[in-house]
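Subject: Structure handover

Hello,

Here is the structure for you to look over. My notes on what turned up follow directly after it.

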Amino acid sequence: MLGSGLVYQQLPYWCGSSFRSLTLSLLRNRAYYDFDPPAKKQPLILFLCGGGWSAVDENVWMPELTWYAKRGFAVASVRYSVSGQRRFPAQIAEIRQAIRFLRAHADELRLDADFIAIMGESGGGHLAAITALAKERMDFDTKEYSDYSNGVNCAVIFYAVVDILDREGRGDITSYKDRPQFIRRGNIPTQELLLWHKDIWEEPHLADEADPRYYIRSDAPPFMLLYGTDDIRVPIHNGDVFYKALSDANVPVEYIRILGGRHGGAQFFQEETKEIILSFLRKNMNLAKGDRDYGADAD
């Protein structure tokens with residue numbers, strides 16, 4: 001069952017004379033007819049789609065995410081502000097409010113507020129990683145639903161950029177400007193794609209706070225990273241350096257390098273890959289819930 005257009009936040013818009021709604025879509029099992037599965041609270045996957053930080057559609061990946069809904073999970077796909085609307089790190093504050101909103105309404109939405117996994121791909125994966133790691137950054141939070149936690153139990157990250165200026169990758173900053181990579185396409189200003197409205201080429205230190213590694217802490221939740229070896233938008237070294245940074249901080253992390261995988265390629269969403277992700281989610285869900293095992297009921 002899909003519910004779309006659920007408003008989790010309203011923002012001032014058009015010179016402060018109106019409001020713009022941030023919405024999410026919620027996918028869960030139906031519990032209406034007597035032949036439906038019994039109504040019970042479901043663990044939640046909060047999903048963030050990509051789009052280079054400049055475009056977002058919360059429903060575009062729902063056909064693929066239905067696979068998880070059929071295996072016992074609710075899925076909330078969240079719309080966040082794009083770079084032309086708000087500056088980073090406003091997007092992190094929005095996503096964290098979406099988490100608190102879902103916890104606040106967990107009973108009516110039949111969600112298990114004790115288990116939320118965050119999942120994101122590309123630009124959404126970048127924001128998901130920071131959301132999972134930046135637990136102590138209270139300056140990212142709004143006042144709404146402040147009685148509820150914005151923490152997550154684990155994170156699944158698909159091909160997210162971490163080395164923002166490619167300082168550890170295929171060249172220096174100057175040569176990087178001419179490379180056809182994810183954070184610079186065509187004539188779109190790089191500072192827009194980076195959610196900064198400043199020239200980060202002139203002030204490269206600004207990129208540090210947009211790098212998920214900046215927020216790594218030893219008590220971070222478990223991570224699963226998925227990157228493709230043939231990705232020309234987010235080169236594989238982003239996964240390598242992210243994995244190393246998490247491992248060095250003793251954060252539990254599983255790293256899947258998909259041979260021949262390209263940006264957004266089918267390999268990331270094939271049955272075998274989904275089964276690996278499902279195993280990771282179930283394992284960490286069981287850790288979060290002690291002796292409550294959803295896995296046996298999820299099929």
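**A buried tyrosine in a loop**

Tyrosine 159 counts as buried, at 0% relative accessibility. Buried here means under 20% relative accessible area, exposed means over 50%, and partly exposed lies in between (1.4 Å probe, protein chains only). Tyrosine 159 sits in the loop between S6 and helix H5 (173-176). Its phi is positive, about 35°, although tyrosine 159 is not a glycine. Helices (H or I, at least four residues) and strands (E, at least two) are DSSP runs, numbered from the N terminus.

Asparagine 250 also has a positive phi, near 65°, and is a residue other than glycine. Its place is in the loop between H7 and S8. Asparagine 250 is exposed, with a relative accessible area of 64%.

**Ground rules**

The model is predicted: local features need pLDDT of at least 70, side-chain atom pairs count only at pLDDT 80 or more, and totals for chains, interfaces and linings use all residues. Residues are numbered from 1 along each chain as its sequence is written, and side-chain values use heavy atoms, with hydrogens and water left out.

**Overall picture**

The protein chain has eight helices and eight strands. Of its 299 residues, 54% are buried. Take the contacts (heavy atoms within 4.5 Å). Among those between residues at least 6 apart in sequence, 74% join residues at least 24 apart.

**The sheet**

Eight strands form an open sheet in the order S1-S2-S4-S3-S5-S6-S7-S8, with mixed pairing. Strand S1 (2-13) and strand S8 (253-258) are the edge strands, and each pairs on one side only. Neighbouring strands are turned by 20° against each other on average, direction ignored. Axes are lines fitted to C-alpha atoms, for helices over the stretch in contact, and angles run from 0 to 180 degrees between N-to-C directions. Two strands pair if DSSP finds at least two bridges between them.

Which sense does the pairing take from S5 to S8?

- Strand S5 (residues 111-121) and strand S6 (residues 154-158) pair in the parallel sense over five bridges.
- S6 and S7 run parallel and are joined by four bridges.
- S7 and S8 pair in the parallel sense over six bridges.

Isoleucine 118 stands opposite alanine 155 in S6. Alanine 155 in turn has phenylalanine 223 as its bridge partner in S7. Further along, leucine 226 stands opposite isoleucine 256 in S8.

S7 deserves a look. Six of its six residues are buried. Both faces are covered: Phe223, Leu225 and Tyr227 are buried on one side, and Met224, Leu226 and Gly228 on the other. In a regular strand the side chains alternate between the two faces of the sheet.

S7, helix H7 (residues 237-248) and S8 make a right-handed β-α-β unit. Right-handed means that, with the strands pointing away from the viewer, the path from the first strand over the helix to the second runs clockwise.

**Helices**

Helix H1 (residues 62-69) lies across S1, strand S2 (18-27), strand S3 (42-48), strand S4 (74-78) and S5. H1 runs at about 50° to S2.

Helix H4 (residues 123-133) lies across S3, S5, S6 and strand S7 (223-228). H4 runs at about 135° to S5.

Alanine 128 is in helix H4. At 0% relative accessibility, alanine 128 is buried. Leaving aside its neighbours within four places in sequence, alanine 128 is in contact with Leu48, Ile118, Met119, Gly120 and Ile157. Alanine 128 and alanine 117 are eleven residues apart in sequence and 9.9 Å apart in space, C-alpha to C-alpha.

Helix H2 (residues 90-104) has 15 residues and reaches 21 Å from its first C-alpha to its last. That is close to the 21 Å expected at 1.5 Å a residue. The expected span is 1.5 Å times one less than the number of residues. H2 is mostly covered, with 14 of its 15 residues buried.

**Cysteines**

Cysteine 49 is buried, with a relative accessible area of 1%. Cysteine 154 is buried too, at 0% relative accessibility.

Best regards
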